[in-house]
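Subject: Structure handover

Hi,

Here is the structure I promised to pass on. Have a look first, and my notes follow below.

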Amino acid sequence: MPGRLTYPTVMPSPSLHPVPLPSNHRLYTARLGSRRPLLRNFAGRPNLMHPKRVSARQTLIFDADDTLWENNIYFERAIEEFLDFLDHSHLSRAEIRATFDEIERATATVHGYGAAAFGHSLRACYERLAGRELDASALATVMGFAERILIQEIQLIEGVAETLAQLAQRHDLTLFTKGRLEEQRSKIERSGIRAFFAHYEVTPEKTTAAYLELVTRLGADPATTWMIGNSPRSDINPALAAGLNTVFIPHTHTWKLEHDAIPPEHDRLILLDHFRQLLDLF
Ligand SMILES: [Mg+2]
């Protein structure tokens, strides 16, 4: 079954504090160079649980946005266009951005994720800061910033297609992405990598319960199941809580709302710098 059709209201995480992912990411990147991937946890010590490639067949669950393909950069670009358009008389871009981030957190609890929710946030931000409702022309312009995200060409992250092609020969691949069903499905179909996945699902929110339900539907064993993604909040922490193994591949432009603290040490968490390094693991 490709997706879930209901979208319950979700509450924001109480711990939406950023973690210094970019600086950590650079640290690990700088240490790369050996043939082996850098299998380290965040404390910087080698993760000894999986020092060698896993030979048995595994269930590999992949996040999509900013793990398989670029996503957040398009939203960031749209926000820059919005700031230009707003051209506020006295608020700085940083001040407007802080207001927008606050609105976006609230919007996610009602409208979920994706370009449509983003459009709601842009409109609400404009109306709050301009102190008036948008006229038809301004509304079309602002919503256009969000609508253009929907028709972006899918840009795969480097190494993704080749890596998936090899992994699909040895393991069972599932794609698990959150957002609106139609929007995410459209991206999957346009990505050109749909065929590598035996199964995909779109979920309104990646909670621990959502992971447990997914693993049950797949008939998978948590001990041989891995969640691979860029988001501490959606991919790593709830999957760890569900008893899964995890591979964290940070992305420099991960959305603020996906930031979260992750365990400094965990025997079911592996950090990689690059998607292609999955071939050294699986
Ligand atoms: Mg992601």
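By "buried" I mean 20 or more other C-beta atoms within 10 Å of the residue's own, against 12 or fewer for exposed and partly exposed in between, with C-beta atoms placed from the backbone. A117 lies in helix α4. Leaving aside neighbours within four places in sequence, A117 is in contact with T107, A108, H111 and G112; a contact is two C-beta atoms, placed from the backbone, within 7 Å. The C-alpha atoms of A117 and E104 are separated by 8.1 Å, and these two residues are 13 apart along the chain.

Two housekeeping points before the rest. This is a predicted model, where local features need pLDDT of at least 70, side-chain atom pairs count only at pLDDT 80 or more, and totals for chains, interfaces and linings use all residues. Residues are numbered from 1 along each chain as its sequence is written.

The overall picture: the chain has 10 helices and 6 strands. These are DSSP runs numbered from the N terminus, with helices being H or I of at least four residues and strands being E of at least two. Of the 282 residues in the chain, 36% are buried. Among contacts between residues at least 6 apart in sequence, 73% join residues at least 24 apart.

Now the sheet. The 6 strands form an open sheet in the order β3-β2-β1-β4-β5-β6, and the pairing is parallel; strands count as paired if DSSP finds at least two bridges between them. The edge strands are β3 and β6 (269-271), each pairing on one side only. Direction ignored, neighbouring strands of this sheet are turned by 20 degrees against each other on average. For that angle and those below, axes are lines fitted to C-alpha atoms, for helices over the stretch in contact, and angles run from 0 to 180 degrees between N-to-C directions.

Strand β2 (residues 172-178) has 6 of its 7 residues buried, so it is largely enclosed by the rest of the structure. On one side, β2 pairs with β1 (residues 59-62) in the parallel sense over 4 bridges, and F62 stands opposite L175 in β2. β2 also pairs in the parallel sense with β3 (residues 199-203), over 5 bridges. Here K178 stands opposite T203 in β3. From β2 the chain crosses through helix α7 (residues 181-191) to β3, and this β-α-β crossover is right-handed: with the strands pointing away from the viewer, the path from the first strand over the helix to the second runs clockwise. α7 lies across β2 and β3, running at about 150 degrees to β3. As for β3, 4 of its 5 residues are buried, so this strand is also largely enclosed by the rest of the structure. Elsewhere in the sheet, 4 bridges join β4 (residues 225-229) to β5 (residues 245-248), which run parallel, and G229 has F248 in β5 as its bridge partner.

T67 is found in the loop between β1 and α2 (72-86), and is buried, with 23 other C-beta atoms within 10 Å. Not counting residues up to four places away in sequence, T67 touches F62, I228, G229, N230 and I249. T67 and I228 are 161 residues apart along the chain, yet their C-alpha atoms are separated by 8.0 Å.

Finally, two helix pairs. The axes of α3 (residues 93-111) and α4 (residues 115-130) come within 9 Å and cross at roughly 135 degrees. That makes α3 oblique to α4, on a scale where angles under 35 degrees are roughly parallel, over 145 roughly antiparallel, 65 to 115 roughly perpendicular and the rest oblique. α3 passes α4 in a right-handed crossing, meaning the near helix is turned clockwise from the far one by less than a right angle. Residues making the contact include I96, F100 and I103 of α3 and H120, A124 and L129 of α4.

The axes of α2 and α5 (residues 136-150) also come within 9 Å, crossing at roughly 165 degrees. α2 and α5 are therefore roughly antiparallel to each other, and α2 passes α5 in a right-handed crossing. Among the residues in contact are F75, F82 and F85 of α2 and V142, F145 and I149 of α5.

Over to you!
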